[in-house]
Amino acid sequence: MSTTPVLHYIYDPLCGWCYGAKPLIEAARGILPVVAHGGGMMTGAHRRPVTAQLRDYVMPHDRRIAELTGQPFGEAYFDGLLRDTTAVFDSEPKRLTTWKAGVLPMKICCWRWRLKSDWMPRHSRRLLLRPGVT
């Protein structure tokens, strides 16, 4: 049995606080092993289409997260994705893509970080956020 402590990080690719925690997780990785586990905050009955109501609910929280953590939420997220009424917030496709690709689960969070920081191409956002798009 190993006596090395391990941080088990349960995250969701659509969670603003998980995005905001990026610097903490990176710092923790410099101290001890971190094992990321994808959660399912917005799966099944909890999936949500992007609507004006969802946008009005999410934006103040994400602004608060940015204020407290220093993590930038980009214009492509606030003025693009959160105004795209054809998009659906669904954590499951992103979790499955990571599992099937054999990529470290933290990569999934990186996709959200890139989106929120305006680094991800629009086509890629569509693939990640719209089930059934090929």
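In helix α3, the residues Leu54, Arg55, Val58, Met59, Asp62 and Ile65 are buried, where buried means under 20% relative accessible area, with a 1.4 Å probe and protein chains only. Helices here are DSSP runs of H or I with at least four residues, strands are runs of E with at least two, and both are numbered from the N terminus. You are looking at a predicted model, in which local features need pLDDT of at least 70 and side-chain atom pairs count only at pLDDT 80 or more, while totals for chains, interfaces and linings use all residues. Residues are numbered from 1 along each chain as its sequence is written, and side-chain values use heavy atoms, with hydrogens and water left out.

Stay with α3 for a moment. This helix covers residues 52-69, and its 18 residues reach 25 Å from the first C-alpha to the last, close to the 26 Å expected at 1.5 Å a residue; the expected span is 1.5 Å times one less than the number of residues. At Val58, shortly before the proline Pro60, α3 has a kink of about 25°, the bend being the angle between axes fitted to the seven residues ending there and the seven starting there. After α3 comes Gly70, with a positive phi near 85°.

Now turn to helix α2, residues 22-29, where the buried residues are Lys22, Ile25 and Ala28. They cover an arc of only 125° around the axis, so they sit on the same side of α2; the arc is that of the directions from the helix axis to the C-beta atoms. An α-helix has 3.6 residues a turn, so residues three or four places apart point the same way.

Next, find Ser91 in helix α5, residues 91-101. Ser91 counts as buried because its relative accessibility is 0%. Its side chain makes a polar contact of 2.8 Å with that of Asp12. A polar contact is a pair of N or O atoms within 3.5 Å; within protein, one must be able to donate a hydrogen and the other to accept it, and residues adjacent in sequence count only if both atoms are side-chain atoms.

Another buried residue is Asp84, with a relative accessible area of 12%, in the loop between α4 (75-80) and β4 (88-89). The side chains of Asp84 and Thr86 are joined by a polar contact of 2.5 Å.

Finally, step back to the whole chain: seven helices and four strands, in the order β-α-α-β-β-α-α-β-α-α-α.

Note on methods
Buried < 20%, exposed > 50% of the residue type's maximum accessible area, 1.4 Å probe, protein only.
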